[in-house]
Amino acid sequence: MLVATVLGATPASAATFTVNYPVTGESVVAKTGSTLELGPGTLSTTVTTRTGGADLTGTLQLPPSQASFSVAGFIPVRATVTIIPTTPVTGTLVQGVVNAHAEAYIQLSNIWVAGVFYTPVGKECRTEQPVSIDMVSESNFTVFNGGTVSGTYAIPDFDNCTIFSWLLSSLVSGPDNTISLDLGRPVTQT
């Protein structure tokens, strides 16, 4: 009954269960043209079936990632990027398509310029507001096999980065950044 419910049959009553997806992916920052590898991480999701689909609520955990890009076309910059979720990931699954929403701060640390100059940005250098990301899956997403979700988002200005907030904002902040997350086959289900 549970499998039929999730795949689109009309349920006699709602069912709730948890699935834990392995997550990998990438984000491309529009201003720098750099690709940030994401994961491997996990998305622990509570699925509540309903007539015509399911409601999803999850907790995304990603380890810090390394970002590299060039300033002025020739000065290499490297930084550690940490995604700090501020709310659960929420969404719906209807007819094999997931629509999801996530919010998180982007925190920067361990910034190196030209491989030799360490930039002291402090421990609280992050976007001044959470990043808001809406994602949509490909049409073949299933609860028990996962799939790919993707979207675009804007990076707000950075704050609390000592004297470098304005510089980081001018180099990184802006619209049209992309994200793609691959949710693999769940490793546990309850």
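Predicted model: local features only at pLDDT ≥ 70, side-chain atom pairs only at ≥ 80, totals over all residues.
Figure 1. The backbone of Asn160 has a phi near 60°, a positive value in a residue other than glycine. Most residues other than glycine have a negative phi.

**Figure 2. Gln95 in the loop between β6 and β7.** Gln95 is placed in the loop between strand β6 (residues 89-94) and strand β7. Its phi is near 50°, again a positive value in a residue that is not glycine. Is Gln95 buried or exposed? Gln95 counts as exposed because its relative accessibility is 77%, and the exposed class requires over 50%.

**Figure 3. Val89 in strand β6.** Val89 belongs to strand β6. With a relative accessible area of 14%, Val89 is buried, because the buried class covers values under 20%. Val89 and Ala104 are 15 residues apart along the chain, and their C-alpha atoms are separated by 9.7 Å.

**Figure 4. The cis peptide bond between Gly39 and Pro40.** Gly39 and Pro40 are joined by a cis peptide bond, with omega about 5°. Most peptide bonds are trans. Pro40 lies in strand β2. Glu37 is also placed in strand β2, which covers residues 34-50.

**Figure 5. A negative surface patch.** Which residues form the negative surface patch? Glu26, Glu37, Glu138 and Asp182 make up this patch. One of them, Glu37, is located in strand β2.

**Figure 6. The salt bridge between Asp55 and Arg50.** The structure holds one salt bridge. Asp55 forms a salt bridge with Arg50, and the closest N and O atoms are 3.0 Å apart. Asp55 counts as partly exposed because its relative accessibility is 33%. Arg50 is likewise partly exposed, at 28% relative accessibility.

**Figure 7. The largest nonpolar core.** The largest nonpolar core contains 45 residues. Among these, Ile106, Leu108, Val143, Phe158, Leu168, Leu181 and Leu183 touch the most other members. Which strand contributes the largest share of this core? Strand β7 (residues 97-113) does so, with six residues.

**Figure 8. Pro130 in the loop between β9 and β10.** Pro130 is found in the loop that lies between strand β9 (residues 126-127) and strand β10 (residues 131-137). Pro130 counts as partly exposed because its relative accessibility is 29%. In sequence, Pro130 and Phe141 are 11 residues apart; in space, 27 Å separates them, C-alpha to C-alpha.

**Figure 9. The protein chain as the setting of the close-up views.** The protein chain has two helices and 14 strands. Its C-alpha trace spans about 60 × 25 × 25 Å along the principal axes. Of its 190 residues, 42% count as buried.

Conventions:
Residues numbered from 1 in each chain as written. Heavy atoms only, no water. Patch = residues over 30% accessible without salt bridge, like charges linked within 9 Å, V, L, I, M, F, W, Y side chains within 5 Å. Areas by Shrake-Rupley, 256 points an atom, 1.4 Å probe, with all protein chains shown as cover. Salt bridge = Lys/Arg side-chain N within 4 Å of Asp/Glu carboxyl O. Lys, Arg positive; Asp, Glu negative; His and termini not counted. Charge placed at Lys NZ, Arg CZ, Asp CG, Glu CD. Helix = DSSP H or I, 4+ residues; strand = E, 2+ residues; numbered from the N terminus. Core = buried A, V, L, I, M, F, W, Y, C linked by side-chain atoms within 4.5 Å. Buried < 20%, exposed > 50% of the residue type's maximum accessible area, 1.4 Å probe, protein only.
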